[in-house]
There are 2 protein chains.
Amino acid sequence: MTPTIGVFDSGFGGLTVLRALLTQIPQARYCFLGDTARLPYGSKSRRTIAKYAVESAQFLVHEQGAEFLVIACNTASALALDAIQEAVPVPVLGVIEPGAQAARAASISGDVLVIATDATVQSHAYAEACKARGLHGIERACPLLVPLVEEGWTGYLPGDSPEQAVTAQVIRIYLDQLLADAATQSLQPDTLVLGCTHYPLLRPLIEAAVPAGMRVIDSAEATAEQAAIKFGCHTKAAGATDPSHLGTRESDTPQIRCFATDSVEKFERLGSRFLGRPTGTVELVDLGG
Amino acid sequence: MTPTIGVFDSGFGGLTVLRALLTQIPQARYCFLGDTARLPYGSKSRRTIAKYAVESAQFLVHEQGAEFLVIACNTASALALDAIQEAVPVPVLGVIEPGAQAARAASISGDVLVIATDATVQSHAYAEACKARGLHGIERACPLLVPLVEEGWTGYLPGDSPEQAVTAQVIRIYLDQLLADAATQSLQPDTLVLGCTHYPLLRPLIEAAVPAGMRVIDSAEATAEQAAIKFGCHTKAAGATDPSHLGTRESDTPQIRCFATDSVEKFERLGSRFLGRPTGTVELVDLGG
């Protein structure tokens with residue numbers, strides 16, 4: 001079985017989710033769509049976001065033959081998941097529920113920190129998903145982290161560059177404020193959720209900045225794990241107990257087609273950093289509007 | 001004479017230009033439009049930017065009665081000034097030519113540094129405006145500065161906060177790279193143009209970071225000075241030689257109406273920092289599209 005999985009984001013940050021999917025379901029065919037012409041979704045109304053997200057989902061299902069959809073975009077997951085599920089006849093998974101699910105498995109105290117973009121925090125989608133699982137989520141918007149990642153000032157630079165030191169300092173400032181907020185409320189957070197698809201690129205710097213013993217949950221990884229279960233196409237490549245699935249041709253040369261509605265150049269230039277390999281040629285599509 | 005001046009930006013950064021206009025032409029009536037529903041312009045095509053900018057200009061002229069227009073947006077000034085001038089029957093001034101003009105007046109070596117957003121740098125509008133005046137412009141995109149300003153980590157915080165230290169360090173990194181570029185080309189820059197309407201809020205930190213003797217040109221101020229000359233409505237309030245214009249009721253309580261196409265809340269919350277006084281109630285307008 002070679003399932004076709006559609007992955008959708010307003011930009012190209014969702015390529016970190018595709019990267020995690022390649023580990024979990026290496027044998028699938030992937031179509032990734034970045035609706036770059038209409039980003040950022042975060043500043044738009046729920047109705048507009050739902051319209052854009054449904055059009056994007058329909059492109060992946062009806063024109064690219066996706067049998068499963070992953071909404072690798074926090075804003076669309078928070079505001080448009082229901083609309084997408086109603087609009088397409090295939091299983092749909094967002095990034096927020098899997099992130100909260102993984103936090104539930106990791107947290108002992110039940111108090112969970114969530115860092116995300118302004119739009120995601122304002123939706124309180126993570127706090128609600130935490131609450132539904134008996135967790136207390138403490139959210140904070142970290143608006144500088146996306147531009148720092150897009151500028152390439154991440155934790156993967158060699159040595160101790162001044163650029164990396166800036167990013168480490170910004171992360172420290174945000175975390176200090178978040179931990180102070182938690183302390184004011186007498187909470188004892190033991191888990192931090194990375195609630196933005198850009199943040200996995202900052203993981204080494206974030207792990208260096210959190211208090212000792214705090215677990216860091218990458219919602220991209222959590223989503224890919226849930227996708228493998230929900231879509232019923234789990235291979236054991238990640239778990240590595242069935243050697244027949246390891247090192248196959250499929251996982252070495254994944255089948256990926258990337259589409260964008262604008263800014264193909266920026267997508268190709270930055271996308272490989274998020275995907276962990278070249279994106280290949282990105283195809284321009286016009287969804288109207 | 002109480003002229004009505006329309007001021008247009010894709011967002012609210014152009015309020016720094018309105019602030020400078022209030023100093024130069026305090027007696028005017030002002031209508032400011034931020035096309036916040038359709039920002040950022042920087043990632044869009046020239047045709048789309050021209051369409052949006054023309055619609056915005058027509059709103060200010062035909063619906064708000066603007067007799068003069070200031071395009072307080074670097075991207076629209078770079079890519080749509082001609083289209084706007086053709087579309088409306090009033091004098092129109094952008095921010096790029098006045099910035100280059102002021103650099104010409106300030107520079108002795110003829111080598112001028114320009115910092116701006118990615119979109120403005122990619123248009124090379126400042127380099128061309130410099131070249132037309134016999135200057136050599138060395139441009140650099142500084143994508144982190146707008147988010148740092150919008151996060152409020154600017155040079156006006158009291159004391160020596162860690163936030164302000166981050167911004168100072170980012171400015172140092174960008175300037176070091178720019179000065180190294182200039183040195184590689186054996187250039188001797190003596191002037192720095194702030195080619196983005198957000199940057200005046202960083203002026204104290206930028207002035208502290210430039211080499212001794214380097215002049216810093218604020219294109220918002222340069223544009224307001226040119227507007228007073230071009231629109232023939234110069235008062236001597238700024239020059240302060242005609243006391244009859246100083247401390248008049250008009251300059252104490254400027255007449256400003258602000259419009260936005262979306263995100264009124266963010267506009268009101270952040271706008272006052274750019275304008276240097278409260279924006280008042282921001283009115284929502286629908287320009288279609």
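Predicted model: local features only at pLDDT ≥ 70, side-chain atom pairs only at ≥ 80, totals over all residues.
Residues are numbered from 1 along each chain as its sequence is written, and chains are lettered from A and ligands numbered from 1 in the order in which they are written.

**Sheet**

Chain A holds an open sheet of 4 strands in the order 6-5-7-8, with parallel pairing. Strands (E, at least two residues) and helices (H or I, at least four) are DSSP runs, numbered from the N terminus; two strands pair if DSSP finds at least two bridges between them. Strands 6 and 8 of chain A are the edge strands, each pairing on one side only. Neighbouring strands of this sheet are turned by 25 degrees against each other on average, direction ignored.

| Strand of chain A | Residues |
|---|---|
| Strand 6 | 136-141 |
| Strand 8 | 215-218 |
| Strand 5 | 111-116 |
| Strand 7 | 191-194 |

Strands 5 and 7 of chain A pair in the parallel sense over 4 bridges, and Leu113(A) stands opposite Leu192(A) of strand 7. Helix 4 (residues 96-106) of chain A lies across strands 5, 7 and 8, at about 155 degrees to strand 8. Axes are lines fitted to C-alpha atoms, for helices over the stretch in contact, and angles run from 0 to 180 degrees between N-to-C directions.

**Interface**

Contact is defined by C-beta atoms, placed from the backbone, that lie within 7 Å. In these terms, 15 residues of chain A are in contact with 15 residues of chain B. Helix 7 (145-151) and helix 8 (162-184) of chain A each supply at least two residues of the side of chain A that touches chain B, and helix 8 gives the most, with 6 residues.

Conventions: Contact = placed C-beta atoms within 7 Å.
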